[in-house]
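Here is a short briefing to read alongside the structure. Have a look at the model below, then follow the notes topic by topic.

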Amino acid sequence: MNNKLLAVVGSATVAAAFWACGSGEIYEPTENDQMIQMTGTAKGLCPDGCDGAFDVESSSSSEEELPFVSSSSDMFGPNDDLSFEIASSSSFEFVPSDGSSASGGTPVTGLGSCAPMASPVDKNKAGAAQFKFTRNTESSYSVTQLASAKFEWDYGPNSTEVTPGKSTTSGTVTYSLSGQVIASVKVTMLDGAEETIQCSPLQVNGDPITGCTCATAAASVDFTATPDVAWTVSGCTSASDQFTYTWDGVEGQTSFTKTFTAATAAYAPTLKVGNNDKTVIDVTCPAVKVTEGAEYTIAKSQDKVVFEAAGSYAVVVSGGTGLTACRISCNANGPLTIKADAIKADAKTFTGSYYVNWEGIDVSWCNKTIALEISAAATCEASWN
């Protein structure tokens, strides 16, 4: 008898293996036959259909372990017309025991990232959205290999592709509904490795929001005297006029207050305004410098201070007790804009060589920290009575 190559599904230690093809003839292996161990089932091996192909009874007893071979051109089974070659047979499909497809790609991670090329975009605007895949420079695949990869884009619901994608860049897309969209791209390499990458969110806006203004009372504060700083937003208009206000990631109202416990060069809250058509916009708020104590003190022994550059400064006019008025005069070689806050609600802006004058106010203000904002290098001095 010719030696046979048998493909056995199950453990390498086999008590009995049977093959029954269309003729119903049962073949039992002999000691001269060679065996291949596989886990799963095989399809396409019997042209006339197999009945119970590769049924296996396994055992943990001490039967002799059959040799494992990787390939053979020998014929096997009861039908001499049926040949099997592992390396080249196109009629053989091995299906793993977990049910997955043997022809599917090998999952990998870290090929790259995906993000919208612009966000937000407007709904119903033709081809407004587009996504881009960016290669991970630490990936084991080169730029050349990625250039030959297959990219399949999923734009999510309510989307219509206007122009087709090109390799790492998606096609242009129109979205019919507003809101947040999560697209993805499936990247398949020539060697079969594949990864599905979720893109960062795309914001699709509906009815526009306009006119929002964010403001705060002071450009500079001393947190030891004024720890709480407030910002407000106003002027928002939209056809969908039910608004939401999110400050630093937390939904709130039209005002926001932050309590400072440490100095910082500049702080501004992030503000997102939304409406009931799922539009979301970013509104820029002015930054505040926070100091621990006044940066500058103008007292009797120091009646002038020189600011070498434009900016916001925390200043104290310290004239002692019993004062009825406090003044600061600032001069520069050219046009000068001065803004002073935290003394009066109607803080004024002056242009030219003018002075900031507070008269007839409570004497306790004369020794408070104020936020002085100047537009150019200047020399300022104080006077009081």
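**Confidence first**

In residues 49–103, pLDDT stays under 50, and the model has 111 contacts beyond four places in sequence for them. Do keep in mind that this is a predicted model. Averaged over the chain, pLDDT comes to 74, and 63% of the residues score at least 70.

- Residues 342–363 also have pLDDT under 50, with 50 contacts beyond four places in sequence in the model.

**Salt bridges**

- Searching the whole structure turns up 4 salt bridges.
- One of them joins the side chains of K123 and D277, at 3.7 Å from N to O. This pair links distant parts of the chain, 154 residues apart: K123 sits in the loop between β10 (121–122) and β11 (131–135), and D277 in the loop between β26 (271–274) and β27 (280–283).
- K123 counts as partly exposed because its relative accessibility is 27%, whereas D277, at 13%, counts as buried.
- E194 and K186 form another salt bridge through their side chains, with an N to O distance of 3.7 Å. E194 is partly exposed at 21% relative accessible area, and K186 is partly exposed at 29%.
- The side chains of E295 and K289 also meet in a salt bridge, at 3.4 Å from N to O. E295 is partly exposed, with 34% relative accessibility.

**Around S220**

- S220 lies in strand β20, which covers residues 220–222.
- With a relative accessible area of 2%, S220 is buried.
- Leaving aside residues up to four places away in sequence, S220 touches V288, K289, T291, E295, S312, Y313, A314 and A371.
- Among these contacts of S220 are E295 and K289, the two partners in the 3.4 Å salt bridge.

How values were computed
Residues numbered from 1 in each chain as written. Predicted model: local features only at pLDDT ≥ 70, side-chain atom pairs only at ≥ 80, totals over all residues. Heavy atoms only, no water. Helix = DSSP H or I, 4+ residues; strand = E, 2+ residues; numbered from the N terminus. Buried < 20%, exposed > 50% of the residue type's maximum accessible area, 1.4 Å probe, protein only. Contact = heavy atoms within 4.5 Å. pLDDT = per-residue confidence, 0-100.
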